[in-house]
Amino acid sequence: AKVYYHDFVVQATKVKRLCTTHNTITVNGQFPGPTLEVNDGDTLVVNVVNKARYNVTIHWHGVRQVRSGWADGPEFVTQCPIRPGGSYTYRFTIQGQVGTLWWHAHSSWLRATVYGALVIRPKEGTSYPFPKPKRETPILLGEWWDANPIDVVREATRTGGAPNVSDAYTINGQPGDLYNCSSKDTVIVPIDSGETHLLRVINAALNQELFFTVANHRFTVVGADASYLKPFTTSVIMLGPGQTTDVLISGDQPPARYYMAAEPYQSAQGAPFDNTTTTAILEYKSAPCPAKGISSKPVMPTLPAFNDTATVTAFIQSFRSPNKVDVPTDIDENLFITVGLGLFNCPKNFGSSRCQGPNGTRFTASMNNVSFVLPSNVSILQAYKQGVPGVFTTDFPANPPVQFDYTGNVSRSLWQPVPGTKVYKLKYGSRVQIVLQGTNIQTAENHPIHIHGYDFYILATGFGNFNPQKDTAKFNLVDPPMRNTVGVSVNGWAVIRFVADNPGAWLMHCHLDVHITWGLAVVFLVENGVGELQSLQPPPADLPPC
Ligand code: C2O
């Protein structure tokens, strides 16, 4: 196994998009940031130097961080932020993960521009369980704001209303040629006739689930979130923010140029193929007119309608692990957690300028009615390890305070989230099942729920209220897929299982940044087991001061 050293300089950089030049926070002046490439078993040592005027941390999304939880990155959960002028070296080893992950800032909304791909190839001397592709390309789907994204979220936090939506979707940082001033920067992905190409698709958008397709080509889906899948074919995939999907495409079409495109799922803004569709171009190297720039018009794809839940459900239900897996059958911790939005009734002294949500309220969000509040002067992991009192309480409820019809017309009295820094403690090695139940409150969006420090099996997903009698029969205990982010439908549920064998403080949250801003999160504190190999490593000496 190798050790790779990288320097990440977080800095303001001039970036031109949609006809204007913007001062943008980047890593090493690149947008999107550098792609990191390793093999399973390798170690990454990334020295992050903060030359920007904002606090920053970097999270290695999906990396298990076995015993190395101090390198996980979420601000005020595993570390205090790297202040302007400061630095911190993240050091961790990839253990038993192959495929595509990514890295992103985990402080305020900085990840809008501070993100990149993490490519993990099989352990040296081993190979993919499919024929080796001739080319591999990361495809990062993102969102672009003309305004500074930090200002967008600050304004929303000040008023209590919903933040402005982005000005463009992007593929590898470029809106593509349906947007203004974007034609000459449209990303070109090459392919040869007859070759197989691995696309590593990553949804790095802040707040939007996205469909992705390539005109006239079919995908063979081979992995997601750095776990292999039993291959299946489809012409369109859907990813929630945080999720990755590895697909093979073959150069089996007449040599030409074909659009690849991404488009919102579950958004009022959805309209297939217009100037809100981000595009890149798959270009056959042998195309008759080897176009420079955009002369020959690419073949147009068809995208599902924004509300095409049937397509998404069929896609998600095709996910299987390649082989029979070892799902924990006996459960030590059985949690039922509601995920949803809510409204905060402003007390009189709040002032109307701070309560510009629906009917003079503020937007909020919660799990089991607790709206998560980050500490502001120490991380939860430091407070836990050093015994700092008064930072968090350990009374996050394993069930909602009241049971109700989660997907009906939810009575106002049931959705008044209470702010708090409540964590849930897990003993080392406990077998955990979580039923995630979406609630029908103030949203038409699904919640992509991500857990740090773990991959989990998805036993089943469904619509309506989870019914323990009926729905348990639907559990796949044979070959369920393994992921780090699961889509919980609005009006629906998902059931996941994992073994809590990685000690540390691990955030579970909705990967829509707007929802984490409103408190859709909780932290699991996993205790050390017996001996060094079941314990969190000591904190690095350069952990940023609080
Ligand atoms: Cu992609 Cu909390 O992270």
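**Exercise 1. Find which element gives the largest share of the lining of the second largest pocket, and describe that pocket.**

Step 1. Strand E27 gives the largest share of this lining, six residues. Strands are DSSP runs of E with at least two residues, helices are runs of H or I with at least four, and both are numbered from the N terminus.

Step 2. The model is predicted: local features need pLDDT of at least 70, side-chain atom pairs count only at pLDDT 80 or more, and totals for chains, interfaces and linings use all residues. Residues are numbered from 1 along each chain as its sequence is written, and side-chain values use heavy atoms, with hydrogens and water left out.

Step 3. Define the pocket. On a 1 Å grid over the protein atoms alone, a pocket is an open set of points where a 1.4 Å probe fits, with protein on both sides within 12 Å along at least five of seven lines; lining residues have an atom within 4 Å of a point.

Step 4. List the contributors. Helix H2 (309–317), strand E27 (456–463) and strand E29 (485–488) each supply at least two lining residues. Thr313, Ile316, Gln317, Thr461 and Gly487 lie nearest the centre, out of 30 lining residues.

**Exercise 2. Describe the lining of the largest pocket.**

Step 1. Count the lining: 38 residues. Nearest the centre are Thr157, Leu374, Ile516, Thr517 and Trp518.

Step 2. Assign the elements. H1 supplies the largest share, five residues. Among the elements that give at least two residues each are strand E7 (99–105), helix H1 (149–159) and helix H5 (513–517).

**Exercise 3. Locate the salt bridge between Arg111 and Asp513.**

Step 1. Apply the rule: a side-chain nitrogen of Lys or Arg within 4 Å of a carboxyl oxygen of Asp or Glu. Arg111 and Asp513 meet it at 3.0 Å, N to O.

Step 2. Arg111 sits in the loop between E7 and strand E8 (115–121), and Asp513 in helix H5, so the bridge ties together parts 402 residues apart in sequence.

Step 3. Check burial. Both Arg111 and Asp513 are buried (under 20% relative accessible area; exposed is over 50%, partly exposed in between; 1.4 Å probe, protein chains only).
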